[in-house]
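Take a walk through this protein chain, from the overall numbers down to single residues. Keep the sequence and the 3D view side by side.

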Amino acid sequence: MSADARSRSRRWAAGPVATLIVLFARAVTAVRAHWSPDGPPRRQHVYYANHSSHGDFILIWTVLPPRARSRTRPVAGAEYWLKSPLTRFIGSHVFNAVLIERQQETRSEDPVARMAGTLDEGASLILFPEGTRNQTDDPLLPFKSGLYHLAKLRPDVELVPVWISNLNRVMPKGEFVPIPLICTVTFGEPLRLREDEQKQAFLDRARLALLSLSPHTDTAA
């Protein structure tokens, strides 16, 4: 099979596979979306969320309305999604993920510039400012600086905090068979970088906005 034929085949298969993933996620988690007072998204956003599982962005992607889902791209680690032909197909073709090289010493492109370029193409983004999965007892790890730099580069794009509940219990670390539990995805009020707001002040404010959506934590944490 030629390279063009393989590419067409992958594009043809991506749609049905995406539908199957959405149906599976809904069946296992009975996921429910809790929207902000503005309701489901009608414009471009950067969704930033807590991160405890490789399936986090799938739940956000699943609850978005179909039109918003089709133009929303998760930001994910290239080393995970390019490690096999199957994960490469799912990451690159099913989710159309923005795959970022995490190792600063070997990366060939600035991740923030890549995300900004993706926004310029009209897509929304899903990203995880903790930078890695949270396997600690803390509700939320400190934020990396990428969210701030992206907000500074594209100040007109609203940032929406999203809290994912229960997914780490559906698929505990080291387990391969999901445990059916109801999961929720809670969308908060959009925010933007304020004029002259410094990096740490912005990251603290964005982190608090996300933490406030958790049903199990004190916002002073």
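Predicted model: local features only at pLDDT ≥ 70, side-chain atom pairs only at ≥ 80, totals over all residues.

Accessible areas come from the Shrake-Rupley method with a 1.4 Å probe. For the protein chain, the accessible surface comes to about 12,100 Å². Carbon and sulfur atoms hold 53% of that surface.

The mean pLDDT of the protein chain is 85. Of its residues, 84% reach 70 or more. Among the elements, helix 9 (residues 199–211) has the highest mean pLDDT, 97. Helix 8 (residues 167–170) has the lowest, 56.

Now the overall build. The protein chain has nine helices and seven strands. Its length is 221 residues, and 46% of them are buried. Take the contacts with a separation of 6 or more: 71% of them join residues 24 or more positions apart.

Next, look at helix 7 (residues 146–153). Here L147, Y148, L150 and A151 are buried. Why do they lie on the same side of helix 7? They cover an arc of only 165° around the axis, and that puts them on one side. What covers the buried residues of helix 7? The cover includes strand 2 (45–49), helix 6 (111–120) and strand 5 (124–127). Strand 6 (158–165) and helix 9 are also part of it.

Helix 7 supplies at least two residues of the lining, as do strand 3 (72–77), helix 4 (78–81) and helix 6.

Then turn to the loops. P139 lies in the loop between strand 5 and helix 7. P139 is partly exposed, because its relative accessibility is 29%. In sequence, P139 and L211 are 72 residues apart. In space, they are 7.7 Å apart, C-alpha to C-alpha.

Most residues other than glycine have a negative phi. A30 is not a glycine, yet its phi is positive, about 45°. A30 lies in the loop between helix 1 (3–29) and strand 1 (32–34). With a relative accessible area of 35%, A30 is partly exposed. D196 is not a glycine either, and its phi is positive at about 65°. D196 sits in the loop between strand 7 (184–187) and helix 9. At 66% relative accessibility, D196 counts as exposed.

Methods: Residues numbered from 1 in each chain as written. Heavy atoms only, no water. Helix = DSSP H or I, 4+ residues; strand = E, 2+ residues; numbered from the N terminus. Buried < 20%, exposed > 50% of the residue type's maximum accessible area, 1.4 Å probe, protein only. Contact = heavy atoms within 4.5 Å. pLDDT = per-residue confidence, 0-100. Arc of directions from axis to C-beta.
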